Amino acid sequence: MISDIAKKRRFSAAKLILCSALITALLCGCSGQRETPTTGQSSTRETLQSSALDAAPNGEQTEPTTSATQADPVTLEQVLLKERGIPYDRSDYKKFIGGENIIHEYAEFDCNLDHGYSTTINDLVVSDGKLYRANFNSPLPNGKNIQELGTLPGKDILYWHLTYDGEMGSMYMKDGSGYKISAVPFSTAPLDKTQYSLFNKVYRYASDGKTLEDHTSEYLKADKVYDYGTPMFVFLGDKVSMLFPGKYLDEGTTEWNWYRSMGTREYIAFDLDLSPLGGETPVRLFNQNILMTNCAFYEIVYKSQPTDEKDSAAQLAPDGTVSPYYPAAAHKNCELTLRKITLLSRFYEDVRNISTSHVITDDFTMLPLSEIITEEGYNKYQKYSCNQFYWNYIDQ
C-alpha cells in the first residue's frame, strides 16, 4: 500500500503552480491523485520572486512589493511569511541541507524529544535502510543538516526505536527478524526470535466486553508499528489500532481494584476512530499525534476526558461489573479521535516530512511547527505538543 502511494506523491517544485487547482479539488473531495507538471514551466517560487521586483526602464529594480500587497500565498512558507509581514523574496526560513534522496515522505524522525527545545541533541532518522543523525539548528561535522551513521539490516522496516541519545534500541523487519541497534557507535546484532519477539501477545475484547481473544498473528502482519509511548500505534490495512499494555485484575486486593501487568510485550488492542477521515486512507504517523492520509493531515486528540486507572468508571465492563482486564472494553482512560489540521492539509503536496519541531517542505525549507499548528483547539495558553495528545478534550 505504502509504495503505491509514495509513487503518487513524488512531484517537482514546478508543480506548485497548480496549487489553486489542488485546493479546489480538496474542497470538492480527496482523490489522492497527483497531476504531472507541464514540461518547461518555471517554479512558482521563481515566478513570484521575479514578479515581486518591478523592472525599471533603466534596467534597475524597484523595491519589492509589501506583504500587504503581494500575491496570495501558494506555498506553506508564503502563508507564514505573509502572516509575519515579510515579503516572499526575503524569507528568513533556513533550508535543510543535504536531505536530497534521503528526506522524503517515508523517512522517519525519532520522536523522543521536541527538537524545537532540545536544540543541542541530534535527531535520529531512518530512511531507505540507513540510519542518520540530523540537526535542524546547526550543521553537523559534514557541513550538512544530516549525516549517515550506518547501513541497517534491511529496508523493509516494520518497527524501530532508539533512546534519545542513540545508545541503544531495537528494530524489527516485516519478515519477523529483530535486531539490537546502536547509533553511536553504530552497530546491529540479531535478536533471538523466541525471546525477543515484537509482540508476545496482542488481544482484543470479544463481543461480551469481558473475554479476551488472541489476535497476535494478525498484528505480526502489520504494515507499520510506531512506538512513541502509550499507546503504540499499528497500521494494518485500512485500520489503525492502539495497543495498550495489558493488565489483569488482582482479585485478592481489597478496598480498590488493583491491576497487574499481564507480561512483557502483551497488549490489548483497540481501533482508532477513523470516522472523521470520511473514506480517506491512513498512510503513516508523524510525531506521536499527526496522522497522514492519502490527501490530508489529522491531529490525534482526546475524544472525551480521560479517566485515571483507579477511577471506577474506567474499570467497568459493559455489563457494569468490574472488568477482569485493563484497559476495560470502553477504554475510557484514553478515547482518541482525529481533528483535521487545516493549514497542513491545504498545502498537503508541499509537505515533504514532519519532525517533532519542523515541517520540511518540498524544497527543503524548514518551517517551525509552532507557527503552523496554531488554529483548531488552541490559544495563547495552550500550544501544540509533538509528544502528547491535546489535553483539552473535544467534548468538554
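Biologist: To how many cavities of 30 Å³ or more does the count come?
Modeller: This is a predicted model, in which local features need pLDDT of at least 70 and side-chain atom pairs count only at pLDDT 80 or more, while totals for chains, interfaces and linings use all residues. Residues are numbered from 1 along each chain as its sequence is written, and side-chain values use heavy atoms, with hydrogens and water left out. A cavity is a set of points, on a 1 Å grid over the protein atoms alone, where a 1.4 Å probe fits but cannot get out. With the cut-off at 30 Å³ or more, the number of cavities is three.

Biologist: Which residues lie closest to the centre of the largest cavity?
Modeller: The largest cavity holds about 80 Å³ of space, a volume being the space filled by probe spheres set on grid points joined across faces, edges and corners. A lining residue has an atom within 4 Å of a point. The lining has 14 residues, and the closest to the centre are D110, W160, H161, D227 and Y228.

Biologist: Which strand gives the most to the lining of the largest cavity?
Modeller: Strands are DSSP runs of E with at least two residues, and helices are runs of H or I with at least four, each numbered from the N terminus. With five residues, the element that gives the most is strand 5.

Biologist: How many residues in the lining of the largest cavity are charged?
Modeller: Asp, Glu, Lys and Arg count as charged; Ala, Val, Leu, Ile, Met, Phe, Trp, Tyr, Cys and Pro count as nonpolar; and the others, Gly among them, count as polar. In the lining of the largest cavity, eight residues are nonpolar and two are polar. The number that are charged is four.

Biologist: How many residues in the lining of the second largest pocket are polar?
Modeller: A pocket is an open set of grid points with protein on both sides within 12 Å along at least five of seven lines. The second largest pocket has a volume of about 350 Å³, and of its 19 lining residues the closest to the centre are Y117, L369, S370, K383 and Y384. The lining includes seven nonpolar and two charged residues, and the number of polar residues is ten.

Biologist: How far is the sulfur of C111 from the closest cysteine sulfur?
Modeller: A disulfide requires a pair of cysteine sulfur atoms within 2.5 Å, and the structure holds zero disulfides. C111 is buried, at 10% relative accessibility, where buried means under 20% relative accessible area, exposed over 50% and partly exposed in between (1.4 Å probe, protein chains only). Its closest cysteine sulfur belongs to C386 and is too far for a bond, at 7.1 Å.

Biologist: Which residue stands opposite E299 in strand 21?
Modeller: Strand 19 (residues 297-302) pairs with strand 21 over five bridges in the antiparallel sense. Within strand 21, L336 stands opposite Y302. The residue opposite E299 is R339.

Biologist: How many residues lie between strand 18 and strand 19 in their hairpin?
Modeller: Strand 18 (residues 290-293) pairs antiparallel with strand 19 over three bridges, and L291 stands opposite Y298 in strand 19. Strand 19 is mostly covered, with six of its six residues buried. The number of residues between the two strands of the hairpin is three.

Biologist: Which residue of strand 15 stands opposite L249?
Modeller: A further open sheet of three strands has the order 15-14-20 and antiparallel pairing, with strand 15 (258-261) and strand 20 (325-326) at the edges. Strand 14 (residues 247-250) is joined to strand 15 by four bridges. The residue opposite L249 is Y259.

Biologist: Which residues of helix 4 are buried?
Modeller: Helix 4 (residues 76-83) is largely enclosed by the rest of the structure, because six of its eight residues are buried. Just after helix 4, G85 takes a positive phi of about 75°. The buried residues of helix 4 are L76, E77, Q78, V79, L80 and L81.

Terms used:
Two strands pair if DSSP finds at least two bridges between them.
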